[in-house]
Amino acid sequence: MSRRPAPTLSADEAANKQIKIQLGICKRMIKEVASYEKEVTTNEAKIQKMKDDGKDSYDIRKQEEVLQESYMMIPDSKSRLEKVILELVGILNELPEDVQVDSSLLGEARELVAQHDVGQGAEASATGDDDDEPL
């Protein structure tokens, strides 16, 4: 049984595919950050309800440990989100002039970058010319 060679993508198709993949990664990370933030809110309410109901202090402490773990995950998730958005900015900045990218895909990518406010100085960070500016 012979294997067919993978079809070769044109530069346009390759650029569209790369942007689409990175955009999917960014969307997934946005959902992850939102999920951890929601988890914190839910756990805070649960702990307060446990305290109001006079639940066992051991159970409350254990739930507070779960809450602390959730708190610790938010900065980690946000930094990973920032990293993938900067990678998307890098991809967008490195697009050759002659490559035709799907305009809706390009618009969605630019909107996502603008919404998450990492565009300022992102070109420098994406290329490694970081001057210790906070993003």
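Let's start with helix H1: with 42 residues, H1 reaches 62 Å from its first C-alpha to its last, close to the 62 Å expected at 1.5 Å a residue (the expected span is 1.5 Å times one less than the number of residues). Helices here are DSSP runs of H or I with at least four residues, numbered from the N terminus. This is a predicted model, where local features need pLDDT of at least 70, side-chain atom pairs count only at pLDDT 80 or more, and totals for chains, interfaces and linings use all residues. Residues are numbered from 1 along each chain as its sequence is written, and side-chain values use heavy atoms, leaving out hydrogens and water.

**How H1 and H2 meet**
- The axes of H1 (residues 11-52) and H2 (residues 57-93) come within 8 Å and cross at roughly 160°; axes are lines fitted to C-alpha atoms over the stretch in contact, with angles from 0 to 180 degrees between N-to-C directions.
- That makes H1 roughly antiparallel to H2 (the label for angles over 145 degrees).
- Their contact residues split into 23 nonpolar, 6 polar and 11 charged (nonpolar: Ala, Val, Leu, Ile, Met, Phe, Trp, Tyr, Cys and Pro; charged: Asp, Glu, Lys and Arg; polar: the others, Gly among them).

**Just after H1**
- Glycine 54 takes a positive phi of about 70° here.

- You'll find tyrosine 71 in helix H2.
- Tyrosine 71 counts as partly exposed because its relative accessibility is 34% (buried is under 20%, exposed over 50%, partly exposed in between, with a 1.4 Å probe and protein chains only).
- Leaving aside residues up to four places away in sequence, tyrosine 71 touches Val40 and Glu44 (contact means heavy atoms within 4.5 Å).
- Glutamate 39 is 32 residues from tyrosine 71 along the chain, yet their C-alpha atoms are separated by 9.1 Å.

Definitions and conventions. Helices (H or I, at least four residues) and strands (E, at least two) are DSSP runs, numbered from the N terminus. Angles under 35 degrees count as roughly parallel, over 145 as roughly antiparallel, 65 to 115 as roughly perpendicular and the rest as oblique.
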